[in-house]
Amino acid sequence: MSNYGSWSLPQLKEELRKRKARISGRKHELIERLEAYDRNKDFGNQDEVGEEYSMTLPDSFLYKDFNSGTEFVDFKMETIEVYLKPMDKVLDSDAKNLYKEKFLKYIRLAKYDNTFFVKAECRAQMKKTVSYKIDVAINENGSIDECQCECAVGMGPSAHCKHVCCLLLALHNFSSNGEIVSEETCTQRLQTFHHSKPYKRLPDKKQTVCPWQIKKEVKFSLIHGQQKVFQKFPISQLYLPANVYAVASDHDYLEGHPEDRWLKDANISHISEDRIKYIESSTTGQSKNKIWKQERCKRLQASNFGRICKATNRTNFNNLADSLTVMKDIKTSAILHGRKYESIALAKYESACGRGTRQCGILSVQVIHILGQHQMQS
């Protein structure tokens, strides 16, 4: 068996002519056809295959791109169904998906001898780098005269492959609403050449940056007034990031540190009697109350105080701080049992002791502001 992969396309076609085989298709199809003939000994030297059908097309310079002002016939969906019916084929989902996903690269139209000739190119479904040229002839009455496609099953005059169906669907949409969905060209997409490119090198390699390049980008941004560019401007990446933990110390001209001011505004480091009463009255209901969840994260409760006392050098204090300042909805069996029988237990307590009870919220300790407690008063 010969190494057909090293042969040129004309050589492959000449060899197929000698064996009286078809010469249509891509190069890899011709190679597979020759290999099949080798394996089957030329299929017993079968009779000569007739000439392949090829449409008579007008000159290429007559074709024009489709646009909103293009003159075209009233191409109905019934016309497509009538054309496909003799082949027991319908407009299936494959053709619709090809059109919807913009597999059509272009569509051009030429009117010659009272016939509309449509030329298009459609990318293959499985190999997007491969594309097939399609030709369709439609008369003035809107009927399809003939079709052909370069794919393996697209020989005319009645080609009905999914690429032809995709083009017919596109023509119907153009006839209905004047629009065609095709592959976007480079001029249809928004250009990004004027956008600032992010600097991807490390800060310690800043000496490799060309100063003239930075000056050029700064000048361009100033001229065009692109303020958003400075948010991720390459020159900002030439410096080491700021120390966020030293911000409070850097701004020493302020009265007190930002952390101290925040603790005071949140009523954590300083709290008044009126605020204590407000927190106590507005945090009743425990987990059913959103304010209770917020205030609980600001102060140490009895259930969490033990975790701090038992912390050692092996304790991850970052995780511990996160667990104390972030409220999580815990649903353990003990908590669910308490929520279910709390009202029953209170009723029995009141009946046995002869004393009434009332619910209260978080009670802040004024001496030690970061401590809080929750209890049922009687």
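The questions below concern a predicted model.

Q: What makes up the protein in terms of helices and strands, and how many of its residues count as buried, in percent?
A: The protein has 13 helices and 7 strands. Of its 378 residues, 29% count as buried. The accessible surface comes to about 26200 Å², and carbon and sulfur atoms hold 52% of that area.

Q: Why is A110 called buried?
A: The relative accessibility of A110 is 1%, and buried means under 20%, so A110 counts as buried. This residue is found in strand β2. Leaving aside residues up to four places away in sequence, A110 touches P58, L62, Y63, T115, F116 and F117. The C-alpha atoms of A110 and S60 are 8.6 Å apart, although 50 residues separate the two along the chain.

Q: Why is L62 called partly exposed?
A: L62 has 31% relative accessibility, which lies between the limits of 20% and 50%, and therefore L62 counts as partly exposed. Its place is in the loop between α2 and β1.

Q: Which residues have the most contacts inside the largest nonpolar core?
A: This core has 40 residues, and F72, F75, V118 and V136 have the most contacts inside it. The elements that give two or more residues to the core are α3, α4, β2, β3, β4, β5 and α5. Helix α5 gives the most, with 9 residues. Another core, of 8 residues, lies apart from this one and includes L16, A21, L30 and I31.

Q: What does V118 touch, not counting residues up to four places away in sequence?
A: Its contacts are Y63, F66, F72, I107, R108, L109, I134, D135, V136, L167 and L171.

Q: Why is the aromatic pair of Y4 and W7 called edge-to-face?
A: The ring centres of Y4 and W7 are 4.9 Å apart, within the 6.5 Å limit, and the planes stand at 80°, over the 60 degrees required, so the pair is edge-to-face. Y4 is buried because its relative accessibility is 2%, whereas W7 is partly exposed at 23%.

Q: What makes the pair of F72 and F75 tilted?
A: The centres of F72 and F75 are 6.4 Å apart and the planes are at 55°. Stacked requires under 30 degrees and edge-to-face over 60, so an angle of 55° counts as tilted. Both F72 and F75 are buried. F72 and F75 also belong to one aromatic cluster with F66, F116 and F174.

Q: How do you know that E14 and R17 form a salt bridge?
A: The closest N and O atoms of E14 and R17 are 3.7 Å apart, and the cut-off is 4 Å. These two residues are 3 apart in helix α1, which means that about one helical turn separates them. E14, at 39% relative accessibility, is partly exposed, and so is R17, at 46%.

Q: Why does the pair of R26 and E150 tie together parts 124 residues apart in sequence?
A: R26 lies in the loop between α1 and α2 and E150 in the loop between β5 and α5, so the pair ties together parts with that separation. The closest N and O atoms of this salt bridge are 3.4 Å apart. R26 has a relative accessible area of 29% and is partly exposed; E150 is also partly exposed, at 37%.

Terms used: Residues are numbered from 1 along each chain as its sequence is written. This is a predicted model: local features need pLDDT of at least 70, side-chain atom pairs count only at pLDDT 80 or more; totals for chains, interfaces and linings use all residues. Side-chain values use heavy atoms; hydrogens and water are left out. Helices (H or I, at least four residues) and strands (E, at least two) are DSSP runs, numbered from the N terminus. Buried means under 20% relative accessible area, exposed over 50%, partly exposed in between (1.4 Å probe, protein chains only). Accessible areas come from the Shrake-Rupley method with a 1.4 Å probe; for residues, only the protein chains shown count as cover. A nonpolar core is a set of buried Ala, Val, Leu, Ile, Met, Phe, Trp, Tyr and Cys residues joined through side-chain atoms within 4.5 Å. Contact means heavy atoms within 4.5 Å. Rings of Phe, Tyr and Trp (its six-membered ring) pair if their centres lie within 6.5 Å; planes under 30 degrees apart count as stacked, over 60 as edge-to-face and the rest as tilted. A salt bridge is a side-chain nitrogen of Lys or Arg within 4 Å of a carboxyl oxygen of Asp or Glu.
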